[in-house]
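Please open the model in your viewer and keep the selection panel at hand.

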Amino acid sequence: MSMTNDLVVLAKQEVGKSAVARIQSNSIVGLGTGSTTAYAIQYIGERLKSGDLKNIVGVTTSFQGEVLARKYNIPLTTLDVIDHIDIAIDGADEVDPKKNLIKGGGAAHTQEKIVDSLARFLIVVIDSNKLVDKLGSTCPLPVEVIPKAVTPVMRQLEQLGGKPEIRMGLRKAGPVITDQGNLVIDVKFKEINAPKTLEVTINNIPGVLENGLFVGITDLVLVGEIINGKPIVREL
Ligand code: 5RP
């Protein structure tokens, strides 16, 4: 059953809190992107401020994450100076029963995949609306593409059975531009039966930087839902 917007916010807050409760002091933490992860970043800041959590450094996955980490006084580092990430928290647009994901609703999937796949433990935080039996059933698959290659890449995505559309900006004329200065093509597939094969096939198209299929890298999915008016978090 789908939730109203207010209840979705409550579920996102609760699931963010539950993920942050699993972070231990002295950790390098991957900070995902999106509205659910935004609550997680806020709660990391609150745990640091209260002294409950100590010696945390974050690795961001977007401009949004940098702004939020600064707002909540979370010290940041970069991939150039660390050799591991202990734990990452990130959102998703779809999650299947094998914990495979579609990400990129916020056009940040390229940096997210780098950070999430380096993490020793990846927690994905979602509300229950994101659970699907098969990837691709509710969301198009985001593909980040170098602007010059957009037309040939769209042709090849059509040959793979997808319906590609360039993502357009809201309150901005023209396309969405990623944090790397590229375009996003959203590709609707009827259903995605072999996510790993599709992930690799799309990434092999010249001009594609990264697509939003995250296969086999999630350790734990925390699902926020509202039962009898109260937010509940369960593990998948
Ligand atoms: C950004 C993402 C987000 O994690 C995903 O879109 C989920 O966002 P939200 O928590 O706002 O629903 O992949 O690229």
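The domain bounds used on this tour come from an automatic or database domain assignment. The model is predicted, so local features need pLDDT of at least 70 and side-chain atom pairs count only at pLDDT 80 or more, while totals for chains, interfaces and linings use all residues. Residues are numbered from 1 along each chain as its sequence is written, and side-chain values use heavy atoms, with hydrogens and water left out.

**First stop: the two domains**

Select residues 5-131 together with 216-235, which form domain 1, and colour 141-209 separately as domain 2. The C-alpha centres of domain 1 and domain 2 are 25 Å apart. Domain 1 supplies 13 residues to the contact and domain 2 supplies 15; contact here means heavy atoms within 4.5 Å.

How much area is buried between domain 1 and domain 2? The value is about 900 Å², with carbon and sulfur atoms giving 51% of it. Buried area is the accessible area (1.4 Å probe) that two parts lose on being put together, summed over both.

**Second stop: across the interface**

Next, select Lys 113 and Glu 199. These residues form a salt bridge, and their closest N and O atoms are 2.6 Å apart. The term denotes a side-chain nitrogen of Lys or Arg within 4 Å of a carboxyl oxygen of Asp or Glu. The rule finds one salt bridge across the interface of domain 1 and domain 2.

Now display helix 4 (residues 109-118), which gives four residues, the largest share of the side of domain 1 that touches domain 2. Helices are DSSP runs (H or I, at least four residues) and strands likewise (E, at least two), numbered from the N terminus.

Centre the view on the ligand.

Then select Asp 93, where an N or O atom of the side chain is 2.6 Å from an oxygen atom of the ligand. For Lys 103, the distance from a side-chain N or O atom to a ligand oxygen atom is 2.9 Å.

**Last stop: Gly 169**

Finally, select Gly 169, in the loop between strand 8 (163-166) and strand 9 (183-188). Leaving aside neighbours within four places in sequence, Gly 169 is in contact with Gly 174, Pro 175 and Val 176. Val 187 is 18 residues from Gly 169 in sequence, and their C-alpha atoms are 16 Å apart in space.

Notes. A polar contact is a pair of N or O atoms within 3.5 Å; within protein, one must be able to donate a hydrogen and the other to accept it, and residues adjacent in sequence count only if both atoms are side-chain atoms.
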